[in-house]
Amino acid sequence: MRDAFESWVFDLDNTLYPSRCDLFSQIDARMRAFIVATLGVDETEARALQKGYFHSHGTTLRGLMDHHGTDPEAFMGFVHDIDHSVVPADPALDSALARIEGRKIIFTNGSVAHAERVLERLGIPHHFEAIFDIKAAAYVPKPSMVSYETFIRTFGLDPRRAIMFDDAARNLEPAAALGMTTVWVRTESAYGREGSDGDHVHHVAADLVSWLDEALDTRSHST
C-alpha cells in the first residue's frame, strides 16, 4: 500500500490524536459559552441550539451563521481558545508519517489555528503540505459533498489515488463516492460510529499508528 496512493488525507480531531485527550469537551463548553454571551440565552437553550444546529446544519457554526449572522472568525477564535497541552507528543505517529511518500493534507471542520496547535503538540507539523479548514471550504462542513469537491479542486487531487482517514464514519461516504479509499478510525462515540457499517468504509483502524505501520510494511505485502 506504500505506493498505491498519491495523496493521504487526514481528519484532525480524534483522528491524529486519541479521543481520550477529549479536546472536544473543552470546545463543547466554549461553544455554549459563546452562544450564551452572543445570543443572550441561558445554558439550557444554548445547548439546545448548539446540538440542534450541529445535527441540522453539519456544524453549530453553520447554523449560527445561517440563523443569527454569527461572525465565523469570532466564533472559531473563541471556541478553540482551549488547553491543547492535553495532547501528548507522538513519536510513533511521527515515524509512521515519515514513511509515507505521497502528499499529506489535513481536511478538518475546525480552523487552521486549532490544527496548527494540535500538530505542534503531536510533533508532526512538518509532514503536512497544507491544512484545508472550514474557512477554506467556505464554511460548508463535512460531510457535504460540496466541501469535498472544493477540497479536491483546491489541491488538484485524483480521488482514485487518494486515501482518507476520519473518526466520523459518515464523513467517509462522500470520499468513497468520489473514488477515494477510506479508513474509519474507530471511536466509541455515537456520532463517530454512525454509518460505520456501510460499504463506504473500506478499512477500519482501531489505532491509527498500528494501521499505518501495517499498511506501510512492504514486507507483509511482498509475497
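Author: Two strands pair if DSSP finds at least two bridges between them. Strands (E, at least two residues) and helices (H or I, at least four) are DSSP runs, numbered from the N terminus. This is a predicted model, in which local features need pLDDT of at least 70, side-chain atom pairs count only at pLDDT 80 or more, and totals for chains, interfaces and linings use all residues. Residues are numbered from 1 along each chain as its sequence is written, and side-chain values use heavy atoms, with hydrogens and water left out.

Reader: How do you know that E1 pairs with E4?

Author: Four bridges join E1 to strand E4 (residues 162-166), and the two run parallel. At least two bridges are required, so four meet the condition. In E4, isoleucine 163 is the bridge partner of tryptophan 8.

Reader: What makes E1 and E2 a pair?

Author: Strand E2 (residues 103-107) also has four bridges to E1, in the parallel sense. Arginine 103 in E2 is the bridge partner of serine 7.

Reader: In what order do the strands stand in the sheet?

Author: The order is E3-E2-E1-E4-E5-E6, an open sheet of six strands with parallel pairing. Strand E3 (130-132) and strand E6 (203-205) are at the edges because each has a single partner strand, which leaves one side of each without a neighbour in the sheet. From one strand to the next, the twist averages 25 degrees.

Reader: What joins E5 to its partners E4 and E6?

Author: E4 and E5 pair over four parallel bridges, with phenylalanine 165 opposite valine 183 in E5. Strand E5 (residues 181-185) and E6 pair over three bridges, again in the parallel sense. There, tryptophan 184 stands opposite valine 204 in E6.

Reader: Why is E5 described as largely enclosed by the rest of the structure?

Author: Five of the five residues of E5 are buried, so the description applies. Buried means under 20% relative accessible area, exposed over 50%, and partly exposed in between (1.4 Å probe, protein chains only). Thr181, Val183 and Val185 point one way from E5, Thr182 and Trp184 point the other way, and all are buried. In E1, Ser7 and Val9 point one way and Trp8 and Phe10 the other, and all of these are buried.

Reader: Is isoleucine 105 buried or exposed?

Author: Isoleucine 105 lies in strand E2. Its relative accessibility is 0%, so isoleucine 105 counts as buried. Not counting residues up to four places away in sequence, isoleucine 105 touches Trp8, Val9, Phe10, Phe128, Glu129, Ala130, Phe151, Phe155 and Leu157. Contact means heavy atoms within 4.5 Å.

Reader: Is histidine 126 buried or exposed?

Author: Histidine 126 has a relative accessible area of 57%, and is therefore exposed. This residue lies in the loop between helix H6 (112-122) and E3.

Reader: What makes a polar contact of the side chains of histidine 126 and histidine 127?

Author: A polar contact is a pair of N or O atoms within 3.5 Å; within protein, one must be able to donate a hydrogen and the other to accept it, and residues adjacent in sequence count only if both atoms are side-chain atoms. For histidine 126 and histidine 127, the contact is between side chains, at 3.2 Å.

Reader: Which residues make polar contacts with the side chain of aspartate 11?

Author: The side chain of aspartate 11 has a polar contact of 2.9 Å with that of threonine 15 and one of 3.0 Å with that of lysine 142. Aspartate 11 is in the loop between strand E1 (7-10) and helix H1 (23-39). With 6% relative accessibility, aspartate 11 counts as buried.

Reader: Why are helices H2 and H3 called roughly perpendicular?

Author: The axes of helix H2 (residues 43-57) and helix H3 (residues 60-68) cross at roughly 95 degrees and come within 7 Å. Axes are lines fitted to C-alpha atoms, for helices over the stretch in contact, and angles run from 0 to 180 degrees between N-to-C directions. Angles of 65 to 115 degrees count as roughly perpendicular, under 35 as roughly parallel, over 145 as roughly antiparallel and the rest as oblique. H2 and H3 are therefore roughly perpendicular.

Reader: What makes H5 roughly parallel to H10?

Author: The axes of helix H5 (residues 91-98) and helix H10 (residues 208-216) cross at roughly 30 degrees and come within 9 Å. H5 is therefore roughly parallel to H10. Ala92, Leu93 and Ala96 in H5 meet Leu208, Val209, Leu212, Asp213 and Leu216 in H10.
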